[in-house]
Amino acid sequence: MKAEVFPSLLSGIVKAPGSKSIAQRMVACALLSKGVTTISNYPDSADCAVALTVAQALGAVVTSSGSTVKIRGGFPQNFISGIRNPKAEVFCGESGLASRMFMPIAALAAESFEFKGSGSLLQRPFDSFEKIFPQLKGQFTSNEGKLPVTVKGPIKSADFGLDASGSSQFLTGLLLALPRVNGDSKIEVSTLNSRPYIDMTIEVAKLFGVEIKHRKYEHFNIKGGQNFQAGKFVVPGDWSGAAMLLVAGALSAENGLEVENISTEISQADDAILEALKSAGINFEVHKNSVKVFQSEVHAFDFDASHCPDLFPPLAALAAFADGVSTIQGAKRLIHKESNRAKVLQDEFGKAGVRIVVREDEMKIYPGSIRSAVLNSHNDHRIAMAASILGLAGAKTMVKGAECVSKSFPDFFQVIKAAKGKVNLS
C-alpha cells in the first residue's frame, strides 16, 4: 500500500491504540494462569494477534468478541494432565517480544517447541538464550543464533548472569517463566537497557498476583512456586503510538490536537515523549487520560532515548523542523529493530532534505527545508509513521509499504484523517 500524505492543519480529538507491549505481557500471564482471564481494549494489531496465536499453540483456549479477549490458560499443567495438547510449531510472525518472551515460558514444559517467524524477525538475534538455557537445565538450539529456534524443558531454578545490552525482551521472558518453577532463582543483569519495559513486566505480573524483586535493576530475585491468578484486565493506551500523534500535532495543530486513551497507570517507556516535547519547547497540556498538544516553534534539543528507542523515529521527525541541530543518544539500540532504524532514518529522511549523522551511540539531526519525496518504509511500522509526519508538516510525501503500520497501529492513517489530515491510500 502507498500513502500519499499532504501538508495539513490537524485538529480535534483522537484516540491512541491500546498498548501492544502491555497486551502481549497480559496474554503471557493469562497463559500461565489457571482459569479464564478477560482482557478488554485489546489492540487490533499484528503483534497482538501473534501473541494470541502463540498462546493457542501452547494450549490456551482463546475466544474474542470485538476488543475483548478471553483466555483459558493453565500452562504447563494442562499438558501434564493431558487436558490439551500443544502444537510442536510456534509461529511468531515478526514479533520480537512474543518470540523472546514465550520461549522460556514454553520451556516450562517437557515438550519440544520449534519457534518460527517471518520477515525481519528472521534476522534478529536470539543467542542470549543459548548461554542461559543450559544453566536452567533446558535445551536450546538455533540457526546460528537466529530462527528457527527449538526449546525443550522443563527448565529449573538457577542463579545466572545475563547481558541485557541487546534487548530487555530476553529478561522479560525469564521473569515471567521462573516464578512457575520449583525453587528460587537469581539473575545478575549487566547493561540493562529499556528499564521501563522491565518495570512494565513487573507491574503486569503483579496484576496477576506474582511478585518479582530487584535491586537497582542489577540483581533480580524470583521466588519459585508462585501462581498466576486469572482475572479481568483492561489494556491501557499505547504511548508509542501516541508519540506519533503528539509530534504530528506539535508540528501542525495550530488550534490543538488532543490525544485520548493515554495514562501512566502502568509504566511505559515512551511516556518519555512528554519530556522530549518539553525540551523542544512544545506547548502541551496534560489531562487525566489525555494530552493536548499545540503547534509550536521547535527548539533544537538533546535527548537520551537509550531506554526508549522506539521514540527515535518520531523525535527525528520533530527535530527535522527544529531551529538548530538536535542530538539523540542511544542509537546503538536501533540496529536490530524491524529495520536498521539508524541507517533507514538517515537514508529516507535524507531524500526529504533532512541530514542525519550517526556516530557510535549518537544521532544528530540537521533540519532543512523539507522537500517532496518518495520514502520507503522498509516494512518498519515506525518508519512509515514518522515519514508520514514529514508529509503532514513539510511537503507532499509518498510512503511506500505503508501497510506495515498494522504491526502496532492499524488505524494510524484513519486517525490522521479524522484529525483533518490529508491522506490518500492506494
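**Close-up views of a predicted model**

Asn41 is partly exposed, with a relative accessible area of 22%. In this predicted model, the residue lies in the loop that runs between strand S4 (36-40) and helix H2 (46-57), and, although Asn41 is not a glycine, its phi is positive, at about 60°.

**View of Thr191, a residue with positive phi.** Thr191 sits in the loop between strand S12 (185-190) and helix H7 (195-207), where its phi is near 55°, a positive value in a residue other than glycine.

**View of the cis peptide bonds.** Phe75 and Pro76 are joined by a cis peptide bond whose omega is about 0°, and Pro76 belongs to the loop between strand S6 (68-72) and helix H3 (77-80). The bond from Gly153 to Pro154 is also cis, with omega near 5°, and Pro154 is placed in the loop between strand S10 (146-152) and strand S11 (159-163).

**View of the largest pocket, which holds about 710 Å³ of space.** Its lining is made up of 41 residues, of which Arg100, Gly166, Ser167, Ser168 and Gln169 are the closest to the centre. Among the elements that give two or more residues to this lining are helix H4 (96-106) and helix H12 (381-393), while H1 gives the most, with 4 residues. By class, the lining of the largest pocket comprises 9 nonpolar, 16 polar and 16 charged residues.

**View of the second largest pocket, with a volume of about 390 Å³.** Of its 22 lining residues, Tyr42, Pro43, Asp44, Ser45 and Asp411 are the closest to the centre. H2 gives the most to this lining, with 3 residues, and the classes are 11 nonpolar, 8 polar and 3 charged.

Definitions and conventions:
Residues are numbered from 1 along each chain as its sequence is written. This is a predicted model: local features need pLDDT of at least 70, side-chain atom pairs count only at pLDDT 80 or more; totals for chains, interfaces and linings use all residues. Side-chain values use heavy atoms; hydrogens and water are left out. Buried means under 20% relative accessible area, exposed over 50%, partly exposed in between (1.4 Å probe, protein chains only). On a 1 Å grid over the protein atoms alone, a cavity is a set of points where a 1.4 Å probe fits but cannot get out, and a pocket is an open set with protein on both sides within 12 Å along at least five of seven lines; lining residues have an atom within 4 Å of a point. Grid points are joined across faces, edges and corners, and a volume is the space filled by probe spheres set on the points. Ala, Val, Leu, Ile, Met, Phe, Trp, Tyr, Cys and Pro count as nonpolar, Asp, Glu, Lys and Arg as charged, and the others, Gly among them, as polar.
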